[in-house]
Amino acid sequence: MALKRMDNVGIVVDDLAGAIDFFRELGLEFEGQATIEGEWAGRVTGLGDQRVEIAMMRTPDGHSRLELSRFLTPPVVADHRNAPVNALGYLRAMFTVDDIDDTLERLRRRGAQLVGDVVRYKDVYRLCYIRGPGGLLIGLAQELG
């Protein structure tokens, strides 16, 4: 088998500190922060000369990571934050939480807005989408039963 694991999901943000605070409030653990630059980095991404601040966040179970990136150079060229959830290539991250109502209350204090409604899927989940820092689309799921 060639695939070992999914290492992380990356999201480009405009306010790195705000995004770190938001995802900490959600329950992710901050692993570290660094500036990535140099010829090697530009060769990987195809962007040439780049300078990026990144922060790694880890889920409490230690199995998943979120890489938050803020590009210093080159500047961001597109903004998909206001695209509807059915836009091609749109990124959304889904997190399972213990209590969706409590999580929504805490994240609203950090600017999160509910996209639609909190809905029940059979007797399995309560689900919702929120707009998080800078308009990022985040899914929340609470297991029932």
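**Figure 1. His 63 is an exposed residue of the predicted model, with a relative accessible area of 60%.** The structure shown throughout these views is a predicted model. His 63 belongs to the loop that joins strand E3 (51-58) to strand E4 (65-73). Its C-alpha atom is separated by 27 Å from that of Leu 88, a residue 25 positions away along the chain.

**Figure 2. Thr 59 is a buried residue in the loop between E3 and E4.** The relative accessibility of Thr 59 is 13%, and because buried means under 20%, this residue falls in that class. When neighbours within four places in sequence are left aside, Thr 59 is in contact with Leu 28 and Ser 64. His 63 lies in the loop between E3 and E4 as well, but His 63 is exposed.

**Figure 3. Leu 47 occupies the loop between helix H2 (39-45) and strand E3.** With a relative accessibility of 42%, Leu 47 counts as partly exposed. Apart from neighbours within four places in sequence, its contacts are with Gly 42, Phe 71 and Pro 74. The C-alpha atoms of Leu 47 and Thr 73 are 9.2 Å apart, although 26 residues separate the two along the chain.

**Figure 4. Thr 73 and Pro 74 are joined by a cis peptide bond.** The omega angle of this bond is about -10 degrees.

**Figure 5. Helices H1 (residues 16-26) and H3 (residues 100-108) approach to within 9 Å between their axes.** The two axes cross at roughly 160 degrees, and H1 is therefore roughly antiparallel to H3, since angles over 145 degrees are classed in this way. The crossing of H1 past H3 is right-handed. On the H1 side the contact is made by Phe 22, Glu 25 and Leu 26, and on the H3 side by Thr 103, Arg 106 and Leu 107. These contact residues comprise three nonpolar, one polar and two charged.

**Figure 6. Lys 122 is a residue other than glycine with a positive phi value, near 50 degrees.** Lys 122 is located in the loop between strand E7 (119-121) and strand E8 (125-131). The side of the model that includes this residue is open to solvent at Lys 122 itself, in the sense that Lys 122 is exposed, with a relative accessible area of 59%.

**Figure 7. The chain as a whole contains three helices and nine strands.** Along the sequence these elements follow the pattern β-α-β-α-β-β-β-α-β-β-β-β. The C-alpha atoms fill a box of roughly 50 × 35 × 30 Å along the principal axes. Of the 145 residues, 31% count as buried. Among contacts in the chain with a separation of 6 or more, 54% are between residues 24 or more positions apart. According to an unreviewed UniProt entry, the annotation "domain: VOC" covers residues 5-143. This span is 19% helix and 39% strand, and its end C-alpha atoms lie 24 Å apart.

Conventions: Residues are numbered from 1 along each chain as its sequence is written. This is a predicted model: local features need pLDDT of at least 70, side-chain atom pairs count only at pLDDT 80 or more; totals for chains, interfaces and linings use all residues. Side-chain values use heavy atoms; hydrogens and water are left out. UniProt positions are given in the numbering used here, feature names are shortened, and annotations may be inferred rather than shown by experiment. Helices (H or I, at least four residues) and strands (E, at least two) are DSSP runs, numbered from the N terminus. Axes are lines fitted to C-alpha atoms, for helices over the stretch in contact, and angles run from 0 to 180 degrees between N-to-C directions. Angles under 35 degrees count as roughly parallel, over 145 as roughly antiparallel, 65 to 115 as roughly perpendicular and the rest as oblique. A crossing is left-handed if the near helix is turned anticlockwise from the far one by less than a right angle, and right-handed if clockwise. Contact means heavy atoms within 4.5 Å. Ala, Val, Leu, Ile, Met, Phe, Trp, Tyr, Cys and Pro count as nonpolar, Asp, Glu, Lys and Arg as charged, and the others, Gly among them, as polar. Buried means under 20% relative accessible area, exposed over 50%, partly exposed in between (1.4 Å probe, protein chains only).
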